[in-house]
Protein chains: 2
Amino acid sequence: MKQASPNDMMEMLRRYDTWVFDCDGTLWRGQALIEGVADALQLLRDLGKKVLFVTNNSTKSRKAFKVKFDQLQLPVDQAEIYSSSHSAAAYLQSIGFKKKAYVCGERGIMEELAAAGIAAVGGPDDNDRRLEGRPVEIDPEIGAVVCGADPGLSYFKVTYASLCLRHNPGCLFIATNTDSRGHFIEKQEWPGAGATVAAVQAVVGMEPIVTGKPSPFMLRDVCAAHATTPDRMIMVGDRLDTDIAWGHATGMATLLVLTGITGRDDLAAEWGRPGFQRPDYVMASFGDLMGISAAARAAA
Amino acid sequence: MKQASPNDMMEMLRRYDTWVFDCDGTLWRGQALIEGVADALQLLRDLGKKVLFVTNNSTKSRKAFKVKFDQLQLPVDQAEIYSSSHSAAAYLQSIGFKKKAYVCGERGIMEELAAAGIAAVGGPDDNDRRLEGRPVEIDPEIGAVVCGADPGLSYFKVTYASLCLRHNPGCLFIATNTDSRGHFIEKQEWPGAGATVAAVQAVVGMEPIVTGKPSPFMLRDVCAAHATTPDRMIMVGDRLDTDIAWGHATGMATLLVLTGITGRDDLAAEWGRPGFQRPDYVMASFGDLMGISAAARAAA
């Protein structure tokens, strides 16, 4: 395992015209921007690169992510943002889903479903609901359970979701993603959508349909909207099991950054393991791209 | 698949002198005793059989289960009852555990840990705790996380448990059991310990040590206390993946009853599948044993 040299960075810039970024752990941690990242993104834009942001964070809608980018003073167009909350709604829309969705997750999923014209119940509105020692009546109109990261995860919601899946015929089990943990705050990793999905899955014994990374559905959606193809794209992210796996599964090049979930030791432990799908490039931080800023601008 | 005939029932009575019963779904559902079961248990006692009760329900302590038996007017000695809450405490005691335990589960686990002299925190006392947008401080003295069925399952508890497991060196991950669902009320199946365990496991990526059925630890504990051996024992239960699997794994005979989780259709679907471990006997309800009551008493 070696980190990308200045030559490697110049090569990446020559080869790829669409740069796809993960957000948490790659651009920021919690509310704090990672050093150098804002300048490195601006460098890409100045060099004429297409820049897209694909996050498995399901807690916000695309619109709410735009606000976060604005607060961090990262220039972005809302159409450049893909969240797993959006992917779940886009998936249901793509199959002509007409029923109601029950959400085990945050407001972002509710907003994206609403934007796609899909009625949604549950979510944060159910955070304080409790079981009362008698059978729960479920809404027979619910045709999908959508699970994401849920700071309001509760026994009630897991129960309601599992009853919909077991008793409403054909009810779909959708996972925005299955990330184990996320940097919802800067200094600690808290449970991700994986916890919500695993709890429901353990009760119902069904496999979920995953719409976020590393699902190919997410890439199809991105490529269609931006008229690009995987061979021109490089995926930049901090997680092996979503970001890098997604790149490998879809034919994008991959750049792992060590500012998030995957640490240097984690990577070293995986590197020699048989069958390990190595990222094409590794950088300590994406901000390190600024080391070749002058050379890249001169070469452009 | 065929149900036990009167001859089969007589054979079971001849062969096995220790009868091990699951509780929820076998003896009762929620607060309701299953018809005929009280008389069938009395028949076994009258015939001089040893009768034991081994439940994966972790919500109660042995003492609290005794109260439940009393309320249902089922005669029982507390020493005949084995709960998965007890098994977790007995396991920690057996390895000389001296630190604190964090509980994602019900009062029963806290009580059993206390009875074993193990300090425990969390459990129902943490039901209303919420994350506050800043790092959670975990108690460095916590050396085990014990997960069971938890009607107070919350994001806070999953977070706290995962932080203990990831940051307290050597912290043990104990599951009382991994049942997907349980009849905590009569008319609906609600999430079991499997949901709690799966949520934490998804966050930390560790395998739990399971102390309840189908773990061999649970049987060792029972056999030692009652001076019996698996070849003299028959396990009566409603679940293939815990009760029947436990019997197969430990050398007990197995009798599946259809009054709980496993329905006639579920069983028919599994029966022909390659590798399916068939129960030795199947009865619609354990109460059906009363059909041979007179013959059995006459033969005794």
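Trainee: What distance separates the centres of domain 1 of chain A and domain 2 of chain A?
Mentor: Keep in mind that this is a predicted model. The assignment gives domain 1 as 6-56 + 214-298 and domain 2 as 87-210 in chain A. Taken over C-alpha atoms, the centres of these two domains are separated by 29 Å.

Trainee: How many residues does each domain of chain A bring to the contact?
Mentor: Count each side on its own. Domain 2 of chain A brings 15 residues. Domain 1 of chain A brings 13 residues.

Trainee: What area do domain 1 and domain 2 of chain A bury between them?
Mentor: The size of an interface is often given as the accessible area lost when the parts come together. Carbon and sulfur atoms hold 56% of the area buried between domain 1 and domain 2 of chain A. The total is about 1,200 Å².

Trainee: Which side chains meet in a salt bridge between the domains of chain A?
Mentor: The count between domain 1 and domain 2 of chain A is one salt bridge. A salt bridge needs nitrogen and oxygen within 4 Å. Here the N to O distance is 3.8 Å. The partners are A:R239 and A:D179.

Trainee: What relation superposes chain B on chain A?
Mentor: The rotation is 180 degrees, with 0.0 Å of shift along its axis. The RMSD is 0.0 Å. That is why the relation is a two-fold axis.

Trainee: Why do the copies meet through the same surface?
Mentor: Look at both sides of the contact. 32 residues of chain B touch 32 residues of chain A. The copies share a surface because the interface residues of chain B are also interface residues in chain A, at 100%.

Trainee: Which element gives the largest share of the side of chain B that touches chain A?
Mentor: The count between the chains is ten residue pairs in polar contact. α6 (155-167), β11 (190-191) and α7 (193-204) of chain B each supply at least two residues of that side. The largest share is seven residues, from α7(B).

Key. Residues numbered from 1 in each chain as written. Chains lettered and ligands numbered in written order. Predicted model: local features only at pLDDT ≥ 70, side-chain atom pairs only at ≥ 80, totals over all residues. Heavy atoms only, no water. Domains from an automatic or database assignment. Contact = heavy atoms within 4.5 Å. Buried area = accessible area lost by both parts, 1.4 Å probe. Least-squares fit on C-alpha atoms with pLDDT ≥ 70 in both. Polar contact = N/O pair within 3.5 Å; in protein donor to acceptor, adjacent residues only side chain to side chain. Helix = DSSP H or I, 4+ residues; strand = E, 2+ residues; numbered from the N terminus.
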